[in-house]
Amino acid sequence: MRARLKLLAALALAAASLAVQGGAAASEPQDWSRAALARALDAPLGLPPVLHPADNPPTRAKIELGRKLFFDRRLSINRTMSCAMCHIPEQGFANRELETAVGVEGRSVRRNAPTILNVAHLDSLFVDGRDSALETQYLAPLTAANEMANPSAGYVVALLARLPDYEAPFRRAFGAGPSLDRIGMAFAAYQRSVIAGDSRFDRWYYGGEAAALSAPERRGFALFAGVAGCTACHRIGESFALFTDQAFHDTGYGWWREQLRQNPPPQQLVQVAPGVSYALPWRTVASVGEERPADLGRYEVTLDPADRWKFRTPGLRNVALTPPYMHDGGLPDLMAVLRFYNDGGRPHPGQDPAIRPLGLGQRDLEALAAFLAALTSPEVPRLVEEARSAEPDNW
Amino acid sequence: MSNHRKHLSFLCAMLFFAQAPAALADETCQSPYMPKITGQEEFVYVWTLGAEGVGDGSDKLVTVDVRPGSETYGKVVAALSVGGRNEAHHGGFSADRRYFWAGGLDSNKIFIFDVHSNAAEPTLHKTIDSFVKDSGGAVGPHTFYGLPGRMMISALSNDKDHGGRTALVEYSDEGAYIATHWMPTAEEPRGALLESPVVDGYGYDVRALIRKNVMLTSSFTGWSNYMMDFGKMLQDEEAMKRFGQTVVQWDLHTRQPKKVMHVPGAPLEIRFAWGPKNNYAFTSAALTSQLWLIYEDDKGEWQAEAVADIGDPAKIPLPVDISISADDQSLWVNTFLDGTTRLFDISDPRAPKQVYQKQIAKQVNMVSQSWDGKRLYFTSSLLANWDKKGADNDQFLKGYTWNGKELVEDFAIDFTKEGLGRAHIMRFGSSKLYSG
């Protein structure tokens, strides 16, 4: 009820804002943002409406400004990193080429860059849930020393105030210049427009198109919702599906990766060319590498020992677009993920009891993978096109 | 320098080149358009990466006196900080050799140093900080190859995804942007013949054989890989899939890509032979530890062929810089991970044989030799986050004499103790170039 009120208020404000834009500056908005705003205010098949905060209703001007900020490489200490250098549109708004992200000056980030597709529907942000609003989330990567490394949040505000190409966009969006709040609202408005539903699964499950899924995909769904028990965490509702329970779980994966970190294998297999790999002694790898830090997941936010190695259940929409998988990108493809769960995770005290050996065969796993691939939205190419509606800002 | 005088200087250089190609450069791996140093090099310029906690932490151009008998022989006589850590890497002289262009692979800044006003103490003449914007998205200015009146720059990455797809970018000698030539890809071959199962669009080195109108480019990896921690990358299966597998033949004059050849394993430095009938170049594949010959066949077609292993490829010694002798008879090859330099007899370019090796330090990257092959200089740093860690992180410039049988150390400068940073590319300087 409360959420619905919040949404209605947001819609009313958005409509008012649209009216203002239409009167005063009809020629100024860019064409792509019309569809983006409509998407932010609507709900594609399979997804619920986006809940916009009452004090940040979406407008075309905010969405355009948010996109510009998202792709601006000047917003890092040495002008090399934008948000989009890790959340790459053509790679599912994630990064398929790295297991874990790389920040300013090549500094190591512990985690795989998550997609921003449908991030509007997450209750908590980052895999450890350390933030809860897109309006504030941006501050962490902008100021983290190993990400964009700006010396302070105020520095970013001052920088944007100095850049002449931001004066008009901020005026159009807010009637005022840059501030921490306004930057956050613009980032949030853009990301809440990056919505991708209406997958073949949605057309089959919610739209009643019997032929939208193939037989193997339907079999995969039956396993997913049945014997494999995936929907216990990757939930599917009556009218929409986020494929996440928004909760944190110890699946055994984080614990297992920590054991590997502390007890590395004597040799590391290194691919030097397609089809050619050599085993390099671990001491050689260690001689050219910094020590990999531990990752305790949700515990790092709550300091509750019960939260060690717990990570937020990811939504699975468009999952086929965003390998490698898991919070540190340690599994290269969907089959590897399915095998991990089929094996029952990596049993240890604290592992979620829902994770258990499944006893599925290869054909079952292939059917599950086929089902997961059917969660890809046909809207993604359009989102990529919108994202690339202008060249990235560079010095 | 007036334009008129500069043109005269260039014409003189071209005339010399046309008559005696083997006498137009001192160190052997430079653009042949460049005037030569007569006799002994006086200074070695070292483009040096700043390191946190070392000196001022900033990238700098370090000048070392290598004049025999000088009171400051083997010593640092100048160090010019440029501010920040830009991932200082490679650099090259303008074709008139009056300016040294050096790039930052991370910040994309290009620093143009005046080396002619006072060869012992270069000054910063100009900084270009608009490379990415100028070029339309190329990232990581790497090789600076002096062409008449302009600088050809090979980039390593792009501003869309920090992957390996990239371009060649041209600037005028004055520092004005001229053109961008994107590397051919499978999707956009740009008219090139594709003779590789992979057409990656990656870049690294650029070199030309002028009399054949051939330009070659090699292929490394994008920003995400070259900037990341080396140990982390070796464990990242996805990252290890993103290394160059191609050498591209271009029409030097039209900048048209002609052919994409398959050279897997990240082919890096390209070194053309100097002999007037030697229509070939060598390159080393860093990951697969192989020497490749890129050559013109009997039909006038350019081909690529692996001709030798470098060390034991299964140990991934990681060959990095190579330096060909002026008589095309030998090739120095450095292998980073074992800190070793190796001399190959390349008198038969199809069957190189290693004839000597010496460990220089715990790590070694660049090698430069004098035109007569008697003096060799080595530096240590590969990339800021690829260098060895802790006690293995030797950072130096070392000078050696090659007596035909062994390398004899003449001097060594510890770049960490001197508060300088990570020593990378070397170029030779001499006041005599500008005294006439």
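Of the 436 residues of chain B, 60% count as buried, a residue being buried if 20 or more other C-beta atoms, placed from the backbone, lie within 10 Å of its own, exposed if 12 or fewer do, and partly exposed in between. The structure is a predicted model, in which local features need pLDDT of at least 70, side-chain atom pairs count only at pLDDT 80 or more, and totals for chains, interfaces and linings use all residues. Residues are numbered from 1 along each chain as its sequence is written, while chains are lettered from A and ligands numbered from 1 in the order in which they are written.

The overall form of chain B can be described next. Its C-alpha trace spans about 55 × 55 × 45 Å along the principal axes. A compact globule of 436 residues would have a radius of gyration near 22 Å, and the 20 Å of chain B agrees with this; the radius is taken over C-alpha atoms, and the globule rule is 2.2 Å times the number of residues to the power 0.38. Two residues are in contact if their C-beta atoms, placed from the backbone, lie within 7 Å. Among contacts in chain B between residues at least 6 apart in sequence, 53% join residues at least 24 apart.

Chain B contains 5 helices and 29 strands. These elements are DSSP runs numbered from the N terminus: helices are H or I with at least four residues, and strands are E with at least two. Strand β8 (residues 138–147) of chain B has 9 of its 10 residues buried. β8(B) pairs with β9 (residues 150–158) of chain B in the antiparallel sense over 8 bridges, where pairing requires that DSSP find at least two bridges between the strands. Within this pair, Pro141(B) stands opposite Ala155(B). The hairpin of β8(B) and β9(B) has 2 residues between the strands, and Gly149(B) takes a positive phi near 75° there.

β21(B) is joined by 4 bridges to the antiparallel strand β22 (residues 330–335) of chain B, and Ile324(B) has Leu331(B) as its bridge partner in β22(B).

Chain A is considered by domain. An automatic or database assignment supplies the bounds, giving domain 1 (2–196 + 379–387) and domain 2 (248–373) of chain A. The C-alpha centres of these two domains of chain A lie 29 Å apart. In chain A, 20 residues of domain 1 are in contact with 21 residues of domain 2.
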